[in-house]
Amino acid sequence: MNLTKDKGRRVAAHLQGIPRSGIREFFDIVSTRQDVISLSIGEPNFVTPWHIREASIYALDRGATAYTSNLGLLELRRAIADYVRESFQIAYDPASEILVTAGVSEALDLAVRAVMNPGDEALYHEPCYVSYAPVIALAHGAPVAVATRREDGFRLTRARIEPAITPRTRVLLLNFPTNPTGAVLTHDDARGIAELAVERDLVVIADEIYSELTFDAQRVSVAAFPGMKERTIFLNGFSKSWAMTGFRVGFACAPPDLTEAMMKIHQYTMLCAPILSQKAALEALRGGAPDLARMRDEYRRRRNLTHAALNEIGLPCHRPEGAFYAFPRVGGFGMRSREFSLRLLDEEKVACVPGAAFGASGEGFMRCSFAADLDELREALSRIRAFVKRL
Amino acid sequence: MDELLKILKENALESPRDLARMLGLPEDEVKQRITDYEAKGMIRAYQAILNPNQLDPNSVQAVIEVKITPKREGGFDRIASRISKFPEVESLFLMSGTYDLLVFLAGHNLREAAHFVSEKLATIEGVLSTSTHFMLKTYKDHGVLMEDKAGDERLPVSP
């Protein structure tokens, strides 16, 4: 076989089955347009608070340019342990149960690869962040989607998960607050899911990257329930909480055997998270509590404004309880979500990601990020209003 | 601070309608609360924040440290009140430390500012000394940066 000539076969077979992200396709279209207001951005519109940037500059000034421990700076792991204990009531040992990663994206990949065997099934709830199914497939696992529905406010319950469990199910992947729906886990739902995970002996990967952006509800982590710490890989990071997406720093907390397994992959592939980002993360944890409150308050106002405006416009929208996305229904106009988004882009120059990019059950919806400047957000909503009026 | 005041402090031009949506309150209630704040004097004024670097190049701004002898009746307040009535005085504070009053002065030109200090301020009975510092450039005022905002570095679409 000549792999240079036979191009169809030189890319690994399991990779060929993975489609490009729908977000990527939409990005390519939007990038060719001028003067577009984008509500398609999955990152904060704040710049990282100055004291955090300054800490990184100071570290650079002092010559912090080396590798760190594979697990991450011990000081940072200690600060993470304190933060997770205070905020989520879960105690992790900084020496053996915390791993600092290059963003929570890396942590997710490590977690999945650390626990999946080829052919194992991993459950995840949909509509969801675009990476879950591909990351499972890259680990030679079988992704199994559990649909959540608008009628339930995109909540996930034990009853919805249970029918999808088979003898091959090994992992349950949770993302609350959810990108793109803004759903959160209620205390009762979390308890039900935790009991199910214990009964069926599932490993739970809890991606709680948006946890600091929980607006009204009490924040709960599934990892805090009885019997859960030993079976949960808790993922979190700094990107959304402290507007630090470009720093690429996140972390995974898990029992020692799972942390060790993730660390092995991390050690041979990434080595360690960038030291300047770790220094910045440490400053975020030490002095960043006021930033969290300030940004959360601003997002809450924008959430309220966006939620009210979309419903007035005639795009029915449940109230997002977390993250910074509204997920209105756009399916009532005889168009698929992709067509709706493309026409909105063409006619009013507003970019919102079609819901289908977040899985089949996202069809009929559209994701509007309210991590946007308030004036831009207002302008975009008024353009959406004009567009819907014409339909 | 009340969230309504927080928002208005940042942008006094927010409409009652959007304020109502952001706070999740009825519009009438928002209007009423603003009226109440104004009546109580908690909201004292609404102003635009200008960039002095782009205004009349002859205009000057100065801070003046003033030492005074407190009066028997009224203490510092009587002298402060007198100084505050001059329209050139933009802000006035009673300070702890080596001087007593800090005056923020805005003048149309240097001569006018000098005239104010030597003829008006220094001659007030009870004013012992003044020390005037002229401002050379404004970087930030009332929490607002004077440099142009950097553009949005974010990609137009991200997951």
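The expected span of a helix is 1.5 Å times one less than its number of residues; helices (H or I, at least four residues) and strands (E, at least two) are DSSP runs, numbered from the N terminus. The model is predicted, and local features need pLDDT of at least 70, side-chain atom pairs count only at pLDDT 80 or more, while totals for chains, interfaces and linings use all residues. Residues are numbered from 1 along each chain as its sequence is written, and chains are lettered from A and ligands numbered from 1 in the order in which they are written.

**View 1. Helix α10 of chain A and its cover.** With 13 residues, α10(A) reaches 18 Å from its first C-alpha to its last, close to the 18 Å expected at 1.5 Å a residue. Its buried residues are S277(A), Q278(A), K279(A), A280(A), A281(A), L282(A), E283(A) and A284(A). Here a residue is buried if 20 or more other C-beta atoms, placed from the backbone, lie within 10 Å of its own, exposed if 12 or fewer, and partly exposed in between. The cover over the buried residues of α10(A) includes α3 (50-61), α4 (74-88) and β2 (98-101) of chain A.

View 2. G288(A) is classed as buried because 25 other C-beta atoms lie within 10 Å. Apart from neighbours within four places in sequence, its contacts are P49(A), I52(A), W242(A) and E283(A); two residues are in contact if their C-beta atoms, placed from the backbone, lie within 7 Å. I52(A) and G288(A) are 236 residues apart in sequence, yet 7.9 Å apart in space, C-alpha to C-alpha.

**View 3. The two domains of chain A.** An automatic or database assignment sets the domain bounds. Domain 1 of chain A covers 7-47 + 291-390 and domain 2 covers 50-287, with C-alpha centres 24 Å apart. Across the boundary, 37 residues of domain 1 of chain A are in contact with 33 residues of domain 2 of chain A. On the domain 1 side, α2, α11 and β9 (325-326) of chain A are the elements that give two or more residues, and α11(A) gives the most, with 7 residues. That side has 18 nonpolar, 11 polar and 8 charged residues, where Ala, Val, Leu, Ile, Met, Phe, Trp, Tyr, Cys and Pro count as nonpolar, Asp, Glu, Lys and Arg as charged, and the others, Gly among them, as polar.

**View 4. The side of chain A that touches chain B.** Here 22 residues of chain A are in contact with 12 residues of chain B. α2 (22-30) and α11 (289-313) of chain A each supply at least two residues to this side. The most come from α11(A), with 5 residues. By class, there are 13 nonpolar, 7 polar and 2 charged residues.

**View 5. Nonpolar cores.** A nonpolar core is a set of buried Ala, Val, Leu, Ile, Met, Phe, Trp, Tyr and Cys residues joined through C-beta atoms within 7 Å. In the largest core, of 130 residues, A111(A), V222(A), L235(A) and A252(A) touch the most other members. Helix α5 (residues 103-115) of chain A gives the most to this core, with 8 residues. Not counting residues up to four places away in sequence, the residues that L235(A) touches include V104(A), A107(A), L108(A), A111(A), I205(A) and I209(A). A second, separate core of 12 residues includes I64(B), L101(B), F116(B) and V117(B).

**View 6. Two cis peptide bonds in one loop of chain A.** The bond joining F176(A) and P177(A) is cis, with omega about -15 degrees, and P177(A) is in the loop between β5 (169-175) and α8 (187-199) of chain A. The peptide bond from N179(A) to P180(A) is also cis, with omega near 20 degrees. P180(A) lies in the loop between β5 and α8 of chain A.

View 7. D35(A) is a residue other than glycine with a positive phi, near 55 degrees; its place is in the loop between α2 and β1 (37-38) of chain A. D35(A) is exposed, since 5 other C-beta atoms lie within 10 Å. Phi of K349(A) is likewise positive, near 55 degrees, and this lysine is in the loop between α12 (337-348) and β10 (350-351) of chain A. With 17 C-beta neighbours inside 10 Å, K349(A) counts as partly exposed.
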